[in-house]
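Please examine the sequence and the structure shown below. The paragraphs that follow lead from a pair of strands to a group of helices.

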Amino acid sequence: MHHRLLFLLLLAGCTTSTSTPGDAPPYAPEDALATFEIEDGFRIELVVAEPLVMDPVAMDIDENGRIYVVEMPGYPLDKGGTGRVKLLKDTDEDGQPDAAALFADGLTLPTGIMRWKNGVLVTDPPDVLYLEDTDGDDVADVRQVVLTGFALSNPQHNANKPLYGLDNWIYIANNGTIWTDAHADLFGDRGSEIHFPDQPEAPRLERNGADRNVRFRPDSRALESLSGDSQFGQTFDAWGHHFLVDNSHHHYHEVIAARYFERNPDLPVRRATHDTPDHGTTATVYPITVNPEHQLLTDRGVFTSACGITHYLGGAFPAPYDQDVTFTAEPVHNLVHVDKVTEDGATFKASRLRKGREFLASTDSWFRPVNFTIGPDGALYLVDYYRKIVEHPEWMDDETAQSENLYEGLDRGRIYRIVPDDAGPLVWYGALGLGAEESTTLVYLLEYPNIWWRMNAQRLLVDRQDEAAVEPLIRLFNESASPVARVHALWTLDGLGHLDPALLETALQDDEPGVRENAIRLAEVYLADAPELAAPLLALENDPHPKVRFQLLNTLGELDSAEAQAARQRLLFKDIEDEWTQIAALLAQPAEPSGLFEAAVAQLADRETEGRKTYLERLATITGAGDDIEAVRGLIETVTRSASPGAAWWQAAALKGLAQGIRRQDSPPADFDAERERLLQAFFDNDDPAVRAAVLDLFEYTGPPSGSAFETALERAAAQAADRAADAELRAGALRLIALNNAEDYLDLLKQTIDPQEPATAQRAAVRALSRTSGTDPAAFLLDRWNTLTPEIRAEAIDVFLTEERVPLLLEAVENKTIQPATIGWRRRVMLMRDTEEPLRSRARVLLSVDDAAREALIARYQTALTQDGDADRGKTVFTQVCAPCHRAGDTGDTAFGPDLATVQHWPRQAFISKILNPNQSIASGYEFWTIQRKSGGTAAGVITDETPTSITVRNQVEETTIPRTDIASITASSASAMPPGLEAQIDEQQMADLLAFLKRE
């Protein structure tokens, strides 16, 4: 049958079951249909169920219309080789599957599948396997490890979803390993170098691909880590934009490719991905489940298990579902969410299509949608794991984790078909024969509105390497009215090695922005051999579409010419407030940095905006981290010679960035005396606290000036610090300057400033200066004054004690109850118990460790809060005072160091009390506490919030720090929670009841 006729026939109508389910799950497959509520205009119908498929987690439909299904009965804890791949069959030739062959078994915990050559690629960590049936018996007799080294960790986080990209690379979704205390013996693996085992000379990636997504080309043995990571699922839109997902973040976009980060590893960039939802990063969901099966620590009412993200490109759905929408599964809440994706500068925005309800939801608590596939009929095929429990035991109560319920439903599983109401039945199974078509026919299929036909045709054409397809592809590009067909033609020609630069020049002038954007990406690859592409690229500088300009900015980094540099500057200044434009411009290969900085100041200094300030800081960071000392001198001269009243904002930004960059150098700049003198003069000439602080930041790494001029400056600073009529910020800056040299000479001044009548800002600066002195006298002074110190100053004063000679005084003060352990803070308590030398370490553990028995007794004491009446308004006050330094609760609080407590309002009251009073009981995934030792000196500690190919960002209660990977000497995770025990000192039983009322929204 001609494929176009078949495509039209598939859109005819049929009906589905309306039976009534029983009283409680599990339901028979036919009965389960009655539990669904689906968007008006759509229907859901059963394709196949147990016993043909059981525990399905992924599926793919090959070019001949055969469905391969990956089954994972071993989830969550069984690594015994129970994983399988089934090949569905149509024995009565009615176009619908009615049997299944065991294509492959003995797999560990397989997670994804993709058709490749004459077989399939299956992700079964640590491996990516190639399975092929060579003798036609529907059983794989070839089993080859193509790629290996992925972590075999918590199955929710293992490598998965192999996907053939528009650019002819195969993409693997991959996520950072999640440490587990309870199951470390089974899932403590963190991966190894990812490599092709049969090609030892081929490229290798660092352990687990640096915990990021991976792409590879099996034939050429090309292998790369990407800049983003994804937990379970990934998807592309029609133009190749990459969208990702993790359990609580259902939709985010990889904005900057990893290859661009390699150009400028000195640039501090927090992340390469953008959270797209406009309805909350951890968005609310609207389940309809009756008697939901939720575990102890399961987040409720928000995304907690988002997976299977799929950009719909099937061409068969009605508006507004026909284009630019993504579907995301949420198995814990038994629903499917849909977003409308719209342009937002260099990235995108995802918005709800329906307020207060979901595209598909079920009353059945066993309905577990985990994945999707777009079929040849344009239908959305839904993979339903159909289990009683899908959460990992790490987040359950012990009784459930050890019960038989853990695997209840392992003999069940369903695949559904979602189509418009007027769509026809499934009649295509096994009858498509696309693999036998001539290459010229496959070229024609690149025009189909359905991505299934286009991607299968492209994959087959590239695999065949048939030169007979070249001329038809060129003709398709020149004549097709379909923009997506033109893009497929370009990439297919590239895959065949026959993309002519002249055709690319034409594509760069295409009417469709998506075609121009892809043509720019392709031109980047060909620039070295086709320099004539530079001129048409530069001509796109004023393109009206932001994503075309953004890709152009990235690509122009490959051109080292004055014209390219000027174009990059103009592109940057046009979109300076766009964070991603800034990053792209700075990652592009720069011209001489001081020239860039001077040009930026000339263009931007007339008006302060957040974007301008951030850009100048980043540019200065690059300058400081580079090897060009003359560029550093030039930047300092530019900053210090300006006396304009409105210059402070950009001067502070530049000096702050310069300090960050110089810190990354192995040693301070040589022959730098003149610059130190100039900076010192700027310190005293400028009353702006930010400028003065930035100068001092620089002195921390370069050292202050020396000689008589600096001695005079110190006396001037001492006079300023002692002047109680002076501004507190100016006094604090003066004290900090004193501390850079020899604070012992000014001990009397420091002690006089640590006084309750002094401003807290000045007191903090004096305490910090004391921490730079030697001997035990400063610590003894603080202990003598301890009762007069406010909590804010006490917290600062603890650092004074953290030297080898002073730690005994601190521990003695704890022992005699002068200082309470809670005042020390959990991070510093852990450091004292872990990093000090014996016998201090043992003494610290006796005095500062959490007594489990005492902690259990404390929890028992607070049981009265479970029955006391709580007041939510008073509880909000308790939250603001005690919890808000680390947490948010919906709209309350500004800090996002710890989890948003609005997402756990469903927790039982008992669970709240246990977590508050014994936080080490379990640590939320993604909130492990890390300590990073820096090569440049010092440490950074906190929760890892973001990673890029070149940096790691950690956040704690005080600050957020982005650290270049090249500056990391070591990185270790603590088994202790970042949340300190001891909150009972701040919350009595009634206040606990009030706090519970607020958190539970009672």
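**A hairpin and a group of helices**

In the hairpin formed by β7 and β8, with two residues between the strands, K117 adopts a positive phi near 55°. Strands here are DSSP runs of E with at least two residues, helices are runs of H or I with at least four residues, and both are numbered from the N terminus. The model is a predicted one, in which local features need pLDDT of at least 70 and side-chain atom pairs count only at pLDDT 80 or more, while totals for chains, interfaces and linings use all residues. Residues are numbered from 1 along each chain as its sequence is written, and side-chain values use heavy atoms, with hydrogens and water left out.

Strands β7 and β8 (residues 119–124) run antiparallel and are joined by five bridges; two strands pair if DSSP finds at least two bridges between them. Within this pairing, I113 stands opposite V122 of β8. In a regular strand, side chains alternate between the two faces of the sheet. Both faces of β7 are covered: G112, M114 and W116 are buried on one side, and I113 and R115 on the other. Buried means under 20% relative accessible area, exposed over 50%, and partly exposed in between, with a 1.4 Å probe and protein chains only.

At the start of α24, a side-chain oxygen of D727 comes to within 2.9 Å of the backbone nitrogen of E729. Because nine of the 12 residues of α24 are buried, the helix is largely enclosed by the rest of the structure. The cover over these buried residues includes α21 (673–685), α22, α23, α25 (747–753) and α26 (760–770).

Two residues illustrate this surrounding group. R692, in helix α22 (residues 689–702), touches L730, G733 and A734, among others; contact means heavy atoms within 4.5 Å. R692 is buried yet has no salt bridge, and the nearest side chain of opposite charge, D687, is 5.3 Å away. A salt bridge requires a side-chain nitrogen of Lys or Arg within 4 Å of a carboxyl oxygen of Asp or Glu. Lys and Arg count as positive and Asp and Glu as negative, whereas His and the chain ends are not counted.

F710 lies in helix α23 (residues 708–722) and is buried, with a relative accessible area of 2%. Beyond its neighbours within four places in sequence, F710 contacts L680, P704, P705, L737 and N741. The C-alpha atoms of F710 and L680 are 8.3 Å apart, although 30 residues separate them along the chain.

Notes:
Polar contact = N/O pair within 3.5 Å; in protein donor to acceptor, adjacent residues only side chain to side chain.
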